[in-house]
Amino acid sequence: MNAAAVTFGDYFPEGSNTGDTTASPKIWEDAAGFQAALTKFSDATGAAMAAAGKDGPADLDAFKAAMGPVMGNCKSCHEGFRVKK
């Protein structure tokens, strides 16, 4: 998820807002807000990676604590920058 978080913005360059897409026009209209959401997402995934360590989280509760912010950031970005069909 961290790899996706740090590269996801690359899929929405200027001018890619046409065609059949579920990407919201808000991505391009509020590019700074979209970038801020991506930064929050990559910060959360980076923290989850650090918390996981080499051998992964110690237990289910540690996994939930590490992934909760990641999933929250996923959800908020989908709510703000995606058109539901």
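A salt bridge is taken here as a side-chain nitrogen of Lys or Arg within 4 Å of a carboxyl oxygen of Asp or Glu. By that criterion the structure holds one salt bridge, formed by Glu79 and Lys75, whose closest N and O atoms are 3.7 Å apart. The two residues both belong to helix H4 (residues 60-81), where four residues, about one turn of the helix, separate them. Glu79 is exposed, as is Lys75; exposed stands for over 50% relative accessible area, buried for under 20%, and partly exposed for what lies in between (1.4 Å probe, protein chains only).

The model is a predicted one, in which local features need pLDDT of at least 70 and side-chain atom pairs count only at pLDDT 80 or more, while totals for chains, interfaces and linings use all residues. Residues are numbered from 1 along each chain as its sequence is written, and side-chain values use heavy atoms, with hydrogens and water left out.

Turning to the overall fold, the chain contains four helices and zero strands, giving the pattern α-α-α-α when read along the sequence. Helices (H or I, at least four residues) and strands (E, at least two) are DSSP runs, numbered from the N terminus. The C-alpha trace spans about 45 × 20 × 20 Å along its principal axes. Of the 85 residues in the chain, 24% are buried. With contact meaning heavy atoms within 4.5 Å, 77% of the contacts between residues at least 6 apart in sequence join residues at least 24 apart.

Buried in H3 are Phe34, Ala37, Leu38, Phe41, Ser42, Ala44, Thr45 and Ala48. These residues lie on the same side of H3 because they cover an arc of only 160° around the axis, the arc being that of the directions from the helix axis to the C-beta atoms. An α-helix has 3.6 residues a turn, so residues three or four places apart point the same way. The other side of H3 carries the exposed residues Ala32, Lys40, Asp43, Ala50 and Ala51. Cover for the buried residues of H3 comes from elements including H1, H2 and H4. After H3 comes Gly53, with a positive phi near 70°.

Ser42, in helix H3, counts as buried because its relative accessibility is 18%. Leaving aside neighbours within four places in sequence, Ser42 is in contact with Asn2, Ala5 and Val6. Ala32, also found in helix H3, has 62% relative accessibility and therefore counts as exposed.

The nonpolar interior can be described through its cores, a nonpolar core being a set of buried Ala, Val, Leu, Ile, Met, Phe, Trp, Tyr and Cys residues joined through side-chain atoms within 4.5 Å. The largest has nine residues: Phe12, Ala23, Ile27, Trp28, Phe34, Ala37, Leu38, Cys77 and Phe81. H2, H3 and H4 are the elements that give two or more residues to this core, and H3 gives the most, with three residues. Apart from this core lies another, of seven residues, among them Ala5, Ala44, Ala48 and Val70. Leu38 touches Ala5, Phe8 and Gly9 when residues up to four places away in sequence are not counted.

On helix H4, Asn73 is buried because its relative accessible area is 12%. Its contacts, again not counting residues up to four places away in sequence, are with Lys40, Phe41 and Ala44.

Finally, Thr21 sits in the loop between helix H1 (2-7) and helix H2 (26-29). With a relative accessible area of 33%, Thr21 is partly exposed. A polar atom of the Thr21 side chain lies 2.9 Å from the backbone nitrogen of Ala23. Thr21 and Lys85 are 64 residues apart in sequence, yet 9.8 Å apart in space, C-alpha to C-alpha.

How values were computed. Polar contact = N/O pair within 3.5 Å; in protein donor to acceptor, adjacent residues only side chain to side chain.
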